[in-house]
Amino acid sequence: MPTHLQPSLVLLLGGLALCLLCLVCLLSLLCWRRTARRHAAALAELARREQVAEDVHDSLLQGMQGVLLSVQIVGQRLPPGSPERVAIEHLLDLGDAALADGRQQLLALRRPSPADPALPG
């Protein structure tokens, strides 16, 4: 009789091994899906933060442009060549340079990085 039970025992152990393998595969798939969801959530948060950064830069640039225009109007009321007007014109030049730098930074935020081939561009 012990020889009769041996094939059944082999089938039982093989079936258990197959079930264990399926369980390991299922657990691996579930872990992978959870990791993929976390990665997708992190990418969505990054995209949201980048949009906020773009909006802040844009708002600051527009606000600064308005201030510079107001200062320019005040400066034009001063006599040409006066020390005050020269100082305001110098400040306007500094403001224009800062605006140009800000615009470059904003454009860099909006363009995908050439170092990241995963992004369409």
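**Arginine 37.** I began with arginine 37, which is exposed, at a relative accessible area of 53%. The cut-off for exposed is over 50%, so arginine 37 falls in that class. I noted that this is a predicted model. Arginine 37 belongs to helix α1.

**Leucine 26.** Is leucine 26 buried or exposed, or something in between? I found a relative accessibility of 45%, so leucine 26 counts as partly exposed. Helix α1, which covers residues 2-76, holds leucine 26. I also found leucine 26 listed in a nonpolar surface patch, together with Leu20, Leu23, Val24, Leu27, Leu29, Leu30 and Trp32.

**The core.** Next I asked myself which residues form the largest nonpolar core. I wrote down six: Leu61, Leu68, Ile88, Leu92, Leu99 and Leu106. Two elements, α1 and α2 (83-110), each supply two or more of these residues. The biggest share comes from α2, with four residues.

**Glutamine 72.** My last stop was glutamine 72, another residue placed in helix α1. Its relative accessibility is 34%, so I put glutamine 72 down as partly exposed. I also checked how far apart the C-alpha atoms of glutamine 72 and leucine 91 are. The separation came out at 9.5 Å, for two residues that are 19 residues apart along the chain.

Conventions
Residues are numbered from 1 along each chain as its sequence is written. This is a predicted model: local features need pLDDT of at least 70, side-chain atom pairs count only at pLDDT 80 or more; totals for chains, interfaces and linings use all residues. Side-chain values use heavy atoms; hydrogens and water are left out. Patches are made of residues with over 30% relative accessible area and no salt bridge: like charges are joined within 9 Å, nonpolar side chains (Val, Leu, Ile, Met, Phe, Trp, Tyr) within 5 Å. Accessible areas come from the Shrake-Rupley method with a 1.4 Å probe; for residues, only the protein chains shown count as cover. A salt bridge is a side-chain nitrogen of Lys or Arg within 4 Å of a carboxyl oxygen of Asp or Glu. Buried means under 20% relative accessible area, exposed over 50%, partly exposed in between (1.4 Å probe, protein chains only). A nonpolar core is a set of buried Ala, Val, Leu, Ile, Met, Phe, Trp, Tyr and Cys residues joined through side-chain atoms within 4.5 Å.
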